[in-house]
Amino acid sequence: MRFKLICVTIAVLLAFSCIPASVSASSSELPDPVLVAFGDSIAAAGKWQTAFRALSGESVLNAGVGGNTSSDGLKRIASDVKNKKPDVVFIGFGTNDASIDMDRYVPVEKCAENLKSMVEKVREYGATPILITPPPIVDKPYLTRHNEEPFLPYGGPNGLLAYYALAVRKTASELNVPVADVNAAFLTRNYASLISDGVHPTDAGYKIYGEVIYKAYLKATAGDINLDGQMRSVDYMLLKRSLLNTYSMTKAQSNRADLNGNGRVEGSDYMLLKRVILKTYDYDRGVPKESDFVSTVYANLIPDSREADDMASNTKELQSCVDRVSQSGGGTVILPSGTFYFSTQGMNARQYEDYVCMPKNNVLVKGQGTSTVLKPVGNTQGGLDMFYFNEYADSGFKNPKYLINADFRDFVIDSELTHAARYTSAGKGFMFNLFRDCDFDSIICRNTDGTGFGVDCPINCTITNCEAYGCGKAGNRSSYGASGFGIGTGYAENESILIDNCYAEGNMKFGFFFEHQGRFSPSAYRAQKLGSCVVSNCTAKNNYNDFGGELALDLTYVNCVVPEDTTSVSAIAFRQHSIRCTLENMDVRVKFSDVTDPEQYYYVPVYWAVNHGITTGIGDSLFGITGLCTKGQALTFLYRIAGMPGELILGNGSEGQFYTDPLNWAVKNGIAAAGAEEEMKESCSRTEFITYLWKYAGSPDAEGSNAPAVNWALSVGLMDTVMETNILRKDAVTLLYRYFGSGNFD
């Protein structure tokens, strides 16, 4: 489910946010960066490049010339650097400048001036400069080629070189340029063993040299994922698209995206980068810190009071703070610690549901963690949402206005004091429709009348580290919504969202589910495909259904867990013509009372099938190992293995039977015969099951005296004998496991 700061304005950010995100997951969209080593023979991209490339995944062009001083470098920088159109230039001079016994000698003051000029020119070229301090000199071998006397006032050659290293550091500090302090890194070691001839590093020395340069490079470019010299909205969009699996970053890009420095790219890196660019975070020497960098408003809320005037005051104050920050160009609304009660602000434009606060663009609403509790209060006709945005529906589906860059983190919504006279699916913690670049982090929703996180039609959005408990309290198990996390889709084909490291427990219907809004308004929601909808590293238990969807499409559940003690009826459930929904590395720990002996041949196949969403039990903690497998079940197993293909069917129509979509798919692909509807409830024989599987495999040829499908099954090891009986459920999943679980599927 991971600096050099040049922040952009909100206007630029908004301009970029309008760029479609439905692009291929390819890192080839960005050209390879041009890195140039500019200096003397030591700084040239020689042996240290190996260590640098191993860490960064990038190569370095050599623009080093042996014997060069900083004065020589200044003369040739245009021809040797500018023409390469660099993105980053490593500047390393000083060792030859310090040759006080030779005509090429450059005084340290002049060397500093030359370095400043080179930095300015590199910046004019649109590249990032990084200065390198020269490694120490080992006096004895050095003096075999040099006259010792001029160096004596400085304590020897290395004593003089120390002034040049200091000049590089001072220049870097004055010009705010990253410095790769090779000199300091060598001095903390037995540096004589790292220098071969008095000046040039050994192989081991160059390895350290490259590592030091890489660290400086990473600090200089962290957050600048596309390496254009600026940390801009394009960078955090690339990072988010990587998390959403719509873009594949190179190793070097991933390194630059790892803002928190823990060795992996994750949601917290994205949140840091986005907040830096939106100027709700400052960044100091690679360590983020909270600051009043731009508009920050502290909400003056009244705690612990359910007096009508106080609740109305809290509602007014929260909306006022959000409005002020948005109008100022963006920033943060800080919520204090405490329990705060809110009354309704009124009903939405359709007079359908009530709400407390309408979020606005470019505003982060941030609490103090679980010590900040927001409690909406009221008996309403259709439900009371804590946060509400739905311009599209409120305008009669005429104005598809998106909520942009509205973020929420570190607080609790507890709706135990709300009550809807009738269930409408409203009464949510968050009720959004059409939102882009919005992120939820470390939010808890509980006891809502409707879905806790009930948000529809997201583009490039994330929900991370959030929890939902007891949501959907006003509904029942046949209600729409009434879940912990419920994501609607279907307005735009580039919709994408990542839900990562979240938890859902005890919600009325689903823990996590998706549904196409074309179920309810086919004329307003017509997208036939989606971008990337991924639920990863999440846990659900004690919901009616833990994971699933209703008219869901283009959805992936990956690395999610259903604990062994869940009381759910279905750990995984897809209904209402859901298509193209896959499960990867699921850990469904449901235990069946009739599948307890690991030594039984069907034990592993049963739990393999459950973890892959191929089948579930028959209820009452039973898998039904002795039950007969019907033809409808057999085709359903294959349909789910195939990734639930099919065509999107808009409108709120039921598929009739659980096998309706699988049968249609099977008929279309020649696996089952047309008109087989009446047979689907019949028991499936072993030969018929094998035949379905054989046709799914492409009807391959196999020698033998039996039917072609049976010959094939014997040849690939699915069975070793022919049995003319109806197949049991335990044997059906065993055959599937033998074919797909042995490498063809897993």
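A charge is said to sit over a ring if NZ of Lys or CZ of Arg is within 6 Å of the ring centre and within 35 degrees of the ring normal. In this predicted model, the charged end of R729 meets that description, sitting over the ring of F623 at 4.4 Å from its centre. R436 likewise lies over the face of Y402, 4.6 Å from the ring centre.

Residues are numbered from 1 along each chain as its sequence is written, and side-chain values use heavy atoms, with hydrogens and water left out. Because the model is predicted, local features need pLDDT of at least 70 and side-chain atom pairs count only at pLDDT 80 or more, while totals for chains, interfaces and linings use all residues.

Seen as a whole, the protein has 19 helices and 36 strands; these are DSSP runs numbered from the N terminus, with helices being H or I of at least four residues and strands being E of at least two. Its C-alpha atoms fill a box of roughly 105 × 85 × 45 Å along the principal axes. Of the 746 residues in the protein, 57% are buried, where buried means under 20% relative accessible area, exposed means over 50%, and partly exposed covers the range in between (1.4 Å probe, protein chains only). The accessible surface comes to about 28,900 Å², and carbon and sulfur atoms account for 48% of it; such areas come from the Shrake-Rupley method with a 1.4 Å probe, and for residues only the protein chains shown count as cover.

The protein carries 67 positive and 83 negative side chains, and the centres of the two sets lie 4 Å apart. In this count Lys and Arg are positive and Asp and Glu negative, while His and the chain ends are not counted. Each charge is placed at NZ of Lys, CZ of Arg, CG of Asp or CD of Glu.

Rings of Phe, Tyr and Trp (its six-membered ring) pair if their centres lie within 6.5 Å; planes under 30 degrees apart count as stacked, over 60 as edge-to-face and the rest as tilted. One of these pairs joins F408 and F440, whose ring centres are 5.5 Å apart with planes at 15 degrees, so the pair is stacked. F408 belongs to strand β18 (residues 407–414) and F440 to strand β21 (residues 439–446), so the contact ties together parts that are 32 residues apart in sequence. Both F408 and F440 are buried.

Turning to the sheets, two strands are taken to pair if DSSP finds at least two bridges between them.

Strand β29 (residues 532–536) runs parallel to β32 and is joined to it by four bridges, with C533 opposite L555. Five bridges join β32 to strand β35 (residues 579–584), also in parallel, and there L553 is partnered by I579.

Strand β34 (residues 570–575) has five of its six residues buried, so β34 too is largely enclosed by the rest of the structure. Strand β31 (residues 545–550) pairs with β34 in the parallel sense over five bridges, and N545 stands opposite S570.

A few single residues deserve a look. S425, in the loop between β19 (418–420) and β20 (430–436), has a phi near 80 degrees, a positive value in a residue other than glycine. At 23% relative accessibility, S425 counts as partly exposed. N501 lies in the loop between β26 (496–500) and β27 (503–505), and its phi, near 55 degrees, is again positive in a residue other than glycine. With a relative accessible area of 42%, N501 is partly exposed.

Finally, F432 is found in strand β20 and is buried, with a relative accessible area of 0%. Its C-alpha atom is separated by 9.4 Å from that of P359, which is 73 residues away along the chain.
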